[in-house]
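I set out to look up how this chain is put together. The entries below record what I looked up, in order.

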Amino acid sequence: MTAVLYRLVYMSRNDITDEIDTQIDGILKTSRENNRLAEVTGALMFNTGCFAQVLEGPHNAIQATFERIQCDERHSDVTVLLFEPSNKRSFSSWAMAYVGAQESALERFGNLGDESGFEFTALDGDDIYNVLLDNLHDAEAQ
Ligand SMILES: Cc1cc2nc3c(=O)[nH]c(=O)nc-3n(C[C@H](O)[C@H](O)[C@H](O)COP(=O)(O)O)c2cc1C
């Protein structure tokens, strides 16, 4: 029997100040290695102010991955916006897609941290999920 899939969406405040590109590359490299082994897929979005991430996979794998992510000092105010069973993966080809550099994503996402004053609980998990998904499709089309 296949394990039930779960989807988790969170946002957090960026605390990286130096060598941001190198740090993001490092996060993506580690994420892709670990997530592939744990059957976790998803997408990460970043701007100077905040991160948004979707994780999807078996419950235990999401839990273990997210526990590590929460302890990471490169971000803070880690706020779960959505955690629910899901009948299919939306990011099945991606151990961790990176959609932070997409212009269209920045238009929709760029000021979210500022606009919400980092009150992430005021944001809707489905909206954030859709921003990531829409911009992933933009990335695929290129
Ligand atoms: C915004 C952000 C997103 C992250 N996403 C993931 C992820 O999807 N998977 C993962 O394994 N680690 C992720 N990490 C890194 C973890 O916090 C942690 O450093 C890493 O899992 C430790 O892996 P290691 O024990 O193999 O070094 C993320 C970190 C940050 C700051």
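Which residue in β4 is the bridge partner of Met-11? I found that the partner is Thr-79.

**Entry 1: the model.** I note that this is a predicted model, in which local features need pLDDT of at least 70, side-chain atom pairs count only at pLDDT 80 or more, and totals for chains, interfaces and linings use all residues. Residues are numbered from 1 along each chain as its sequence is written, and side-chain values use heavy atoms, with hydrogens and water left out.

**Entry 2: the sheet.** I looked up the strands, which are DSSP runs of E with at least two residues, while helices are runs of H or I with at least four; both are numbered from the N terminus. Strands of a sheet pair through backbone hydrogen bonds, either parallel or antiparallel. Here 5 strands form an open sheet with mixed pairing, in the order β4-β1-β3-β2-β5. Two strands count as paired if DSSP finds at least two bridges between them. The edge strands, β4 (75-86) and β5 (97-98), each pair on one side only. Strand β1 (residues 5-14) runs antiparallel to β4 and is joined to it by 9 bridges.

**Entry 3: the core.** I then looked up the largest nonpolar core, which has 20 residues. Such a core is a set of buried Ala, Val, Leu, Ile, Met, Phe, Trp, Tyr and Cys residues joined through side-chain atoms within 4.5 Å. Buried means under 20% relative accessible area, exposed over 50%, and partly exposed in between (1.4 Å probe, protein chains only). Met-11, Phe-91, Ile-128 and Leu-132 have the most contacts inside this core. β1, β2 (41-46), β3, β4 and α5 (125-141) each supply at least two of its residues, and α5 gives the most, with 6. I also recorded a second, separate core of 16 residues, which includes Leu-8, Ile-16, Val-40 and Met-96.

**Entry 4: Thr-121.** Is Thr-121 buried or exposed? Thr-121 counts as exposed because its relative accessibility is 62%. I located Thr-121 in the loop between α4 (112-115) and α5. Leaving aside neighbours within four places in sequence, Thr-121 is in contact (heavy atoms within 4.5 Å) with Thr-79 and Leu-81. Thr-121 and Met-11 are 110 residues apart along the chain, and their C-alpha atoms are separated by 9.0 Å.

**Entry 5: the ligand.** Finally, I looked up the ligand. A polar side-chain atom of Asp-72 lies 2.6 Å from an oxygen atom of the ligand. For Arg-74, a polar side-chain atom lies 3.4 Å from an oxygen atom of the ligand.

Technical notes
Polar contact = N/O pair within 3.5 Å; in protein donor to acceptor, adjacent residues only side chain to side chain.
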